[in-house]
Amino acid sequence: MTEPEIDYRAAFRASPAAVALLAPDLRYLDVNEAYLELAGRVRDQVVGRYVDEAFPGNPDQAAATGARNVRQSMEWVLATRERDVMAAQRYDVETPEHSGHWEERYFSIVNTPVLGPEGGVRMVLNRVEEVTEIVMARRQGRDPERVDRASRLESDLLARADELQYANERLREAHHRERQVAMALQKAMLPPPDLVAPRDAAVRYRPASATMNICGDWYDLTDIDENHSSVVVGDVVGHGLEAAGVMGQLRSALSALARASTPPAAALNILDLYSRSVPGAEVTTAVKIHVDWSAQRLIYSSAGHLPPVLAHRDGHVEFLDRATNPPLGSLPERARAKEAHTAFASGDVLVVYTDGLVERRDEDIDRGLTRLAASVARHRDKPADPLADALLSDLLPPEGTEDDTALVVLRLVTERPD
């Protein structure tokens, strides 16, 4: 049986609840008739306008903080991808027919994120219910039988509104501090490359479009000496500070092994054993590449990680996929990780990345890898920094992704400049 086609736009406009859709820049995209009726506006006075423009705050009433609070709520939704149920707000509304005349109004407001396919906030759904009658009933003395009930409701409503608004502001401040902590942690755990020789290299980290600004992806680009370098990229399952803590332990361990000139397969064998003692390290993926500049050879081993890309000067793109082992903590007992090597020519480009660069929901991973290969081939002649930026521009959707992205670009130049 074929499912009936649903006209969501018609359903939205026919909804008896007053609802509106706003773009991430807080500009009205659409409103339904109930919303316009509640606001006393026609469509042209709202759609296409920014929320502060369509419904500015009352400049003569300091207590009417609704306009500021609604904007803060919407910004919170955009930052966290979480619904925000606001306390009842006093939001005075200017009557269109009497410019400069403001009506005292009270509203119950809920702002909800509308997510895109990749998890980013594409729109904010703003639902509004007026509660002015409850607040004003006792003041106006109408319907004596309802006065006592309205008085109790008003007192409780306004008291809880103040408490909830205060709590919401504290939560937003805590969220801001949490993001600052996460960004400081990210900077400490993902330092710039540690190079002793001039290299054309670039590293990038892009967080997932989520609350925290750091997750579990990491990179490490290190010169062991002038003729040998180590490139590592890894991905811990999960998000937030817990995943970042696991990432920090694994990154430090593998970085120490690299500096001890431990070959890739042997390093992953040791890291596999170590990961079994680290809670949360299960199913972590990592790839380690040893660059021998004098022999012009790459030696690599992967623990369940996506294959690095080697772009040759002639445009041919090679995936380094001949030494893929199980993720960390999954290597069979007494087994040894596989290792492979491949030659490179001066001017080739090595690209190592995590899955946020290529994986998309409801899409086969091969399509993402094909896009990556095409992008690397197209931009292979650029220096490392603009090449890395071009890859991110080509492959990451504007609304962000559900997973973070780590990226290392290293141009394999062996000729010394005169």
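The model is predicted: local features need pLDDT of at least 70, side-chain atom pairs count only at pLDDT 80 or more, and totals for chains, interfaces and linings use all residues. Residues are numbered from 1 along each chain as its sequence is written, and side-chain values use heavy atoms, with hydrogens and water left out.

Asp84 is found in strand E3 (residues 84-85). Helices (H or I, at least four residues) and strands (E, at least two) are DSSP runs, numbered from the N terminus. Asp84 counts as buried because its relative accessibility is 6%. Buried means under 20% relative accessible area, exposed over 50%, and partly exposed in between (1.4 Å probe, protein chains only).

An open sheet is formed by five strands in the order E9-E19-E18-E14-E15, with antiparallel pairing. Two strands pair if DSSP finds at least two bridges between them. Strand E9 (200-206) and strand E15 (317-319) are the edge strands, and each pairs on one side only. From one strand to the next, the twist averages 15°.

Strand E19 (residues 405-412) pairs with E9 in the antiparallel sense over seven bridges. Val203 stands opposite Val408 of E19. Asp200 has Arg411 of E19 as its bridge partner. E18 and E19 also run antiparallel, joined by six bridges. Here Tyr353 stands opposite Leu407 of E19.

Eight of the eight residues of E19 are buried, so this strand is largely enclosed by the rest of the structure. Both of its faces are covered. Thr405, Leu407, Val409 and Arg411 are buried on one side, and Ala406, Val408, Leu410 and Leu412 on the other.

Helix H9 (residues 365-379) lies across strand E14 (309-311), E15 and strand E18 (348-353). H9 runs at about 140° to E15. Axes are lines fitted to C-alpha atoms, for helices over the stretch in contact, and angles run from 0 to 180 degrees between N-to-C directions. Helix H10 (residues 384-395) packs on the sheet and touches E9, E18 and E19. Contact means heavy atoms within 4.5 Å. The direction of H10 makes about 30° with that of E9. Buried residues in H10 include Leu387, Leu391 and Leu395. Their cover includes E9, E18, H9 and E19.
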